[in-house]
Amino acid sequence: MQRGTNLGRLGDFNQAVIFESIRRAVDGVSRVELAGSTGLSPQTISNVVRRLLDEGLVREDRTIVSGPGKPRTVLELEASRMVAVGIHLDPGVITVVMLNLRGEIMHSRRLDIPAVEVPEKTIETMARTVDEIISMAGVPRSNVLGVGVVVPGPLDPVRGVMTNPPLLDGWKDVDMVEPLHRMLKLDVLIEKDTIAASIAEQWKSNEAERDNFVTMYIGAGIGAGMVLNGEIHRGISGNAGEVGHYSTGVVAHDCDICGRNDCLHAALAFSKFAQLARERGLDLTVPDDGSVAERAAGIAELVRLAKSGNEAAVEILRDRMGLVGQVAGQLANTLDIGLIIFGGPLWAEVGELCLEDVSSIINERFISKNVHAVEVRSSSLGHEVGAIGGACVVMDANLSPKAAALLLR
């Protein structure tokens, strides 16, 4: 919980601190409780709450009596007063969600294996889907805070451009922000998928959990999002978390990006999955070097086999996810964190089969195991974690208290 300040010229920061406290209070919170949790004076609390009431972001819900003195009025969040939309572009799927101020999903749309080889048509599909969801929700456009578009890295967030995502053919130097802004007439932010997933987990977590953790994002690609001391770590260019070229210690094949033959990216390439499947007597029905859609279909086919009880398919998935666990273990040692959350479209399908093994691998390799263990769990947000993160990026940019707001201007 960030605490406010009673110094002058800091109303926006204090308002964000108080609003965040009300948002996280599931059963509501009184002004007295806000003063205790934020460190702000009763007068500051009163002034800010009055503004929030005038803006329709909170309401006075009921009164409670706890001991002698004046009954306390409980403040509740008006969760649907404002909304945000998140779009997640993964090589195998496009997901679009609308969230209310509590981070609850109001509407969701999943487009499986779209024709993402054509950026212009894909962006048009995104915009059309957002328009449809806003219309279905019946939300005034003025109540939409914005759209967060979540994409694989690397990206240039200043220009709103995907620079050269390795698993999206034809998407080099594609501008995502300007076309969506033009078509939707809404503010648009761009964020890397791994970072967005961590923002989603932070927004949905309780207070104690959201200070230090790593999110391992597993979709068509692999990456990590890091929250350290309560702050998202983006790096100087917004591309932190590129763990796909960490060494696994296991030879796969030459990586066409880093040139090594033992990196995680090479170990999780579809051609490697297909090779392992053939070695175990499975013949996937798509070519090793197929299109984006074909590669996604091939992984989905292997997952279906595993879920139907095919032991060879289960072994392949556990073996590959075990390598992800090795890299996650390296991060746990480097950062000395106690929580790793696995999520993303592929993990949402295989996590039930692989979580126990991955947790064991991480904790076996954790150097400080005699001091504390590393909790390893699957995200509760499922395949929508990236899109939820996109909407949370918008919420976070508009509503969360930022330390930068304390800088004197």
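The legends below describe close-up views of a predicted model.

Residues are numbered from 1 along each chain as its sequence is written, and side-chain values use heavy atoms, without hydrogens or water. In this predicted model, local features need pLDDT of at least 70 and side-chain atom pairs count only at pLDDT 80 or more, while totals for chains, interfaces and linings use all residues.

**View 1. Helices H6 and H12 cross.** Helices (H or I, at least four residues) and strands (E, at least two) are DSSP runs numbered from the N terminus. The axes of H6 (residues 193-204) and H12 come within 7 Å and cross at roughly 75°, which makes H6 roughly perpendicular to H12 (65 to 115 degrees). Axes are lines fitted to C-alpha atoms over the stretch in contact, with angles from 0 to 180 degrees between N-to-C directions. Residues of H6 that meet H12 include Ala196, Ile199 and Trp203; on the H12 side, Val385, Ile388 and Met395 are among them. Contact means heavy atoms within 4.5 Å. By class, the contact of H6 with H12 has 10 nonpolar, three polar and two charged residues. Ala, Val, Leu, Ile, Met, Phe, Trp, Tyr, Cys and Pro count as nonpolar, Asp, Glu, Lys and Arg as charged, and the others, Gly among them, as polar.

**View 2. Glutamate 384 is buried without a salt bridge.** Glutamate 384 is found in the loop between strand E16 (375-378) and helix H12 (385-399). Buried means under 20% relative accessible area, exposed over 50%, and partly exposed in between (1.4 Å probe, protein chains only). A salt bridge is a side-chain nitrogen of Lys or Arg within 4 Å of a carboxyl oxygen of Asp or Glu. For glutamate 384, the nearest side chain of opposite charge is arginine 110, 7.6 Å away; Lys and Arg count as positive, Asp and Glu as negative, and His and the chain ends are not counted. Beyond neighbours within four places in sequence, glutamate 384 is in contact with Thr95, Val97, Ile105 and Ser108.

**View 3. Arginine 141 pairs with aspartate 131.** The closest N and O atoms of this salt bridge are 2.6 Å apart. Arginine 141 lies in the loop between helix H4 (119-137) and strand E7 (144-151) and aspartate 131 in helix H4, so the pair ties together parts 10 residues apart in sequence. Arginine 141 is partly exposed, at 34%.

**View 4. Glutamate 242 forms a salt bridge with lysine 192.** Their closest N and O atoms are 3.0 Å apart. Glutamate 242 is partly exposed, at 38%, whereas lysine 192 counts as buried, at 1%.

Conventions. Angles under 35 degrees count as roughly parallel, over 145 as roughly antiparallel, 65 to 115 as roughly perpendicular and the rest as oblique.
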